[in-house]
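Dear colleague,

A summary of the findings follows it.

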Amino acid sequence: MNTDSYFISCKTHFCQDYALATERQLVISDGCSSAKHTDVGARLFCWSYYQVCNKPFKSFNLLFEVANRVDAQRLGLRLPKESAYATLIGVDLINGVSISMCGDGVVAYVIGRNLIVKSFISPNNTPYYPAYMVDELVNNQWVRENGDNRVIPTNVINDELETALENETLSMIAIFSDGVSSIDGMSEIDVVSELCNFKTTNGSFVERRVKRFLKDKTFHDDISMAAVIF
Amino acid sequence: MDELQDFQLTTSNFGFSGVGLQDLGASEYTLVTIAVDRSGSVAGFRDELEKCVQEVVESCRKSPRADNLLIRLIGFGQNFSEIHGFKDLASCFTNDYVNFLNVGGMTALTDAVVNGIESMTTYGKTLIDNDYEANGIFVVITDGCENNSTNTITQASKVLADSVNSELLESLVTILVGVNINDSSCSNALSAFNTTIGFTEYVELSNASAKTLAKLAKFVSQSISSQSKALGSGVSGSLTF
């Protein structure tokens, strides 16, 4: 098994995406572009997920625990609450496979010879950031406006991945921020397919693929990606 | 130590060796080739030349770009030979660079230049085809003129031009170093060799003292570091002797 991650700024602003890959998890976070210091928030979310995800939490509870930790760290740094407005996609690789998502982004995986791509778009272009979980006022307002679909349900995907892992047909999982839909002249599915077309899978395989693919592309949002090869 | 794989060149019977892709973890590499004269005339300062190579390798090991360097060492005397193929610095040990110059014979300088450039271009293409970024730096250290190659100087010039024009490597810096050049005919011949082939830089040293070769080692390692730092920018690293 090999994991790797990479994130890149679209160059029109300071990068507000962050990505992390370790032997036991993948995680990416996309900071809200209209809020200040979300580059810090995105990092706090990734590293907090790294700390928390080996605990026996599942989905909502795990995300809630991560949000609590980020809130505490944010307060310690005296950052405004908006700095924690960042999405989160985490893949726990410790006991099988389990994906947790809050906000928006893309998940792709290969079972057998098929690349399956699942894109999650926020309602009304207003992602539910996990930081809202620890802010009752904002949380209630978001639910009023968008309904109670705060945490993206990943149980079906997780069941599919678990089965494929047991059957040894799962060969790759990749997660992306929504920046993959910001590339001129290419559909999101084509971008994801290209980014998953690894020439080699050792070492910094995600970094190599992202850099090469984006070399002659124009993109309008930060892009983060993390992947595991089984 | 990583196993080196053999690679063939389409234009020559001589190939080269290098680390297989499965052992290359970084996203970008600077390919470094050092070609060292081992003709009979370097016998008087063989130890200093070897020390120079040791110092270059040691300096590269301390570079912040150490993980992004792949070094190949070739020697040329009566004929050309590979001392070791492209490998990472973790696999280059100081003791490997003691008594490695088997001195004797004439100077197959042009053959070394042709193989050095073709090998970097071919290996670089292999890396680039597999999503790695790559540039190169080729350093040739000689004390004399070409007198025993199969390839002609015109062929060497074409090989370098083709490599640059192919744009396979992001950039390629080539440095010809003449050491212990203390007669004008040799100086003129090397200068003409440099001009015809089109090296990026020609450095001429009038002696081969320990101090001079230590300065050369510093220059070479700084040039390697500069070229490696330039990777990704599309330009070559700057050089100053």
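Six salt bridges are found across the interface of chain B and chain A, a salt bridge being a side-chain nitrogen of Lys or Arg within 4 Å of a carboxyl oxygen of Asp or Glu. One of them pairs B:Glu28 with A:Lys211, at 3.8 Å from N to O.

The model is predicted: local features need pLDDT of at least 70, side-chain atom pairs count only at pLDDT 80 or more, and totals for chains, interfaces and linings use all residues. Residues are numbered from 1 along each chain as its sequence is written, chains are lettered from A and ligands numbered from 1 in the order in which they are written, and side-chain values use heavy atoms, with hydrogens and water left out.

Chain B contributes 14 residues to the contact and chain A 11 residues (contact: heavy atoms within 4.5 Å). Together the two chains bury about 1,000 Å², of which 39% lies on carbon and sulfur atoms; buried area is the accessible area (1.4 Å probe) that two parts lose on being put together, summed over both. In chain B, the most area is lost to chain A by B:Ser27, B:Asp131 and B:Glu133, which account together for 53% of what that side buries.

B:Glu28 also forms a salt bridge with B:Arg65, at 3.0 Å from N to O. This pair links distant parts of the chain, 37 residues apart: B:Glu28 is in strand 3 (residues 28–37), and B:Arg65 in the loop between helix 1 (46–62) and strand 4 (69–76). Helices (H or I, at least four residues) and strands (E, at least two) are DSSP runs, numbered from the N terminus. Both B:Arg65 and B:Glu28 are buried (buried: under 20% relative accessible area; exposed: over 50%; partly exposed: in between; 1.4 Å probe, protein chains only). Salt bridges that share partners join A:Glu194, A:Lys199, A:Arg209, A:Arg212, A:Lys215, B:Asp131 and B:Glu133 into one network.

As for the fold, chain B has five helices and eight strands. Buried residues make up 56% of its 241 residues.

With kind regards
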